[in-house]
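Open the model in your viewer and keep the selection panel at hand.

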Amino acid sequence: MVSRTIPVEEFDLVIFGATGDLAQRKILPSLFRRFCAGQMPEGARVIGAARSEHDTKGYRAFVRAALKEHGDTAGVKPADFTAFLEQIEYVTLDAKGAAGWKELKALCDRDVVHAFYFSVGPSLFEDLAKRLHKHGLAGEECRIVVEKPFGRDLESARALNAALRTHFDEGQIYRIDHYLGKETVQNLMAVRFGNMLFEPLWNSQYIDHIQITVAETVGVAGRGEYYDRAGAMRDMVQNHIMQLLCLIAMEPPARFEPDAVRDEKLKVIRALEPVAPDELVRGQYEAGDDTPGYAEDVGEAEASSESFIALKAHISNWRWAGTPFYMRTGKRLKERASEIAVVFKDTPHSIFDEDAGRHRNILTIRLQPNEGIELGVTIKEPGPGGMRLIDVPLDMSFAEALGPEAGDVADAYERLIMDVIRGNQTLFMRDDEVEAAWGWTDPIIAGWQERGDAPLTYAPGSSGPHDALMLMHQDGRRWREIKA
Ligand code: NAP
């Protein structure tokens, strides 16, 4: 099977924050992979911009080092490196001052698609938008890509949306959530809307509950200060997990087009019920034998945010009334594993003896590691000895099903950056979606703040606080094991 590379138009991609962590680990390696795949046209240019003093030659050396460290460079010919680097320029520029803007304007003065990637801290988003406009760089053909976090509550998200829309139309603003660029996440839509098999069963009549887990083994060291101001609810639930929830729960859009898809996602968020205090559990990891605890990682004795959260959400609409959505995410858990599990109900009547056992179908969408989709079906245990039932997986692991090309599944950033160049906003969040997500999140946070609820502790390498297990046990359900 051969993956198709659809060429894009000639472009200038300006990376503000071109010397930062995200640029080095994700944006530049993604562009290099697209270059190697033949998707970057010859005249396309990547223009790095940051305050650090580099000339273009110096920045190319910086990019080369970043690619060597973070990129997929095994087997790449030296000529490919050189050819890619020749498409890179650099401008020393200050988002908050006048330095560098005239030079950037001069570099961008040509008739191609212009994309400006805001890979800088959120406090600079507004400055960049303002200066792009002031220097005549905010024309109709340009796009801006805005990184997370997009606000820290509804009020700040609204203010940021308003500030960006002063200079750009909504159709020019690409709010990035890299979860939406993952192959499996898009496959979720293909599986739901491209097969007759699932959609008729995709409702509360047949689905008992849905679990979404995003588990990490790392702690927050290195970004503790930011993290403690956010916590897992703001850092993961309001954006990534909310987006997964939307794609699982939304109605079929009339067409696979940006606004049709985003309209349906928005309806899901608007149908979310408030979360009751006993429907959520927050936690902080303790110190382990060799690992510091959360408070030490964030450098504060009174660290107040959660490194773990589990909650139960209800979507009040015809399709989902009565089917709970359990979501959990956390740091320093036992494995790095993310999945969505759609747990179907028991058959209404079993024709088999009790000894045969009863089983449920579970559709699992694995986001990491080993992206893939698995359907658990019940069959007879082979061999003599009567009718005993067992579960076996119908496994659509991309690596196995699609052959060597699957190992080459594009990184989420590759796909999303190319979508920006193509002008396709389907996988980017719209202003009203982001605001609606904060509108649901804010009262939950305000609730625990008003009650003065402190996070519970949990052991590093565990599945989170014991109360998170009870959140499901009290409903007669259980979390799936967190396993890679
Ligand atoms: P970072 O490592 O701190 O890099 C920040 C970049 O901004 C640097 O290149 C810095 O370069 C530049 N910068 C700072 N002040 C500037 C100014 N006044 N004018 C022009 N450039 C300026 O941050 P990061 O981790 O790359 O994150 C960038 C953005 O992506 C943030 O919004 C972050 O929340 C988001 N994000 C990051 C990740 C990640 O994995 N790193 C993941 C998701 C989202 P100079 O000092 O040379 O100016």
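Predicted model: local features only at pLDDT ≥ 70, side-chain atom pairs only at ≥ 80, totals over all residues.

A polar contact, as used here, is a pair of N or O atoms within 3.5 Å.

**Ligand**

Select the ligand and the residues around it. The surrounding set has 21 residues, and the closest are Thr 19, Asp 21, Arg 25, Ser 52 and Val 120. Next, display Leu 22: one of its polar backbone atoms is 2.8 Å from an oxygen atom of the ligand, which is within the 3.5 Å cut-off. Then show the side chain of Asp 94, where an N or O atom lies 2.8 Å from a nitrogen atom of the ligand.

**From Lys 148 to the next residue**

The peptide bond from Lys 148 to Pro 149 is cis, and its omega is near 5 degrees. Pro 149 sits in the loop between β5 and α6 (154–167).

**Two domains**

Zoom out and colour residues 11–147 as domain 1 and residues 180–473 as domain 2. What is the distance between the C-alpha centres of domain 1 and domain 2? These centres are 33 Å apart.

Now select the residues where the domains meet: 16 residues of domain 1 contact twelve residues of domain 2. Together the two domains bury about 1,300 Å², with 64% of that area on carbon and sulfur atoms. Select Arg 33, Arg 34 and Arg 143: they supply 33% of the area that domain 1 buries against domain 2, more than any other three residues.

How many salt bridges are counted between domain 1 and domain 2? The count is three. Display Arg 34 again, this time with Glu 414: their side chains form a salt bridge with an N to O distance of 2.9 Å. Five residue pairs are in polar contact across the interface of domain 1 and domain 2, with both residues of each pair at pLDDT 80 or more.

Which elements give two or more residues to the side of domain 1 that touches domain 2? They are β1 (11–16), α1 (21–36), β4 (113–118) and β5 (142–146). Select α1, which gives the most to this side of domain 1, with seven residues. Colouring this side of domain 1 by residue class shows nine nonpolar, two polar and five charged residues.

Go to Arg 332, in the loop between β10 (325–330) and β11 (337–344). Arg 332 is not a glycine, yet its phi is positive, at about 50 degrees.

The peptide bond between Gln 368 and Pro 369 is cis, with omega near -10 degrees. Pro 369 belongs to the loop between β12 (362–368) and β13 (372–380).

Conventions: Residues numbered from 1 in each chain as written. Heavy atoms only, no water. Domains from an automatic or database assignment. Contact = heavy atoms within 4.5 Å. Buried area = accessible area lost by both parts, 1.4 Å probe. Salt bridge = Lys/Arg side-chain N within 4 Å of Asp/Glu carboxyl O. Polar contact = N/O pair within 3.5 Å; in protein donor to acceptor, adjacent residues only side chain to side chain. Helix = DSSP H or I, 4+ residues; strand = E, 2+ residues; numbered from the N terminus. Nonpolar A, V, L, I, M, F, W, Y, C, P; charged D, E, K, R; others polar. Near = heavy atom within 4 Å.
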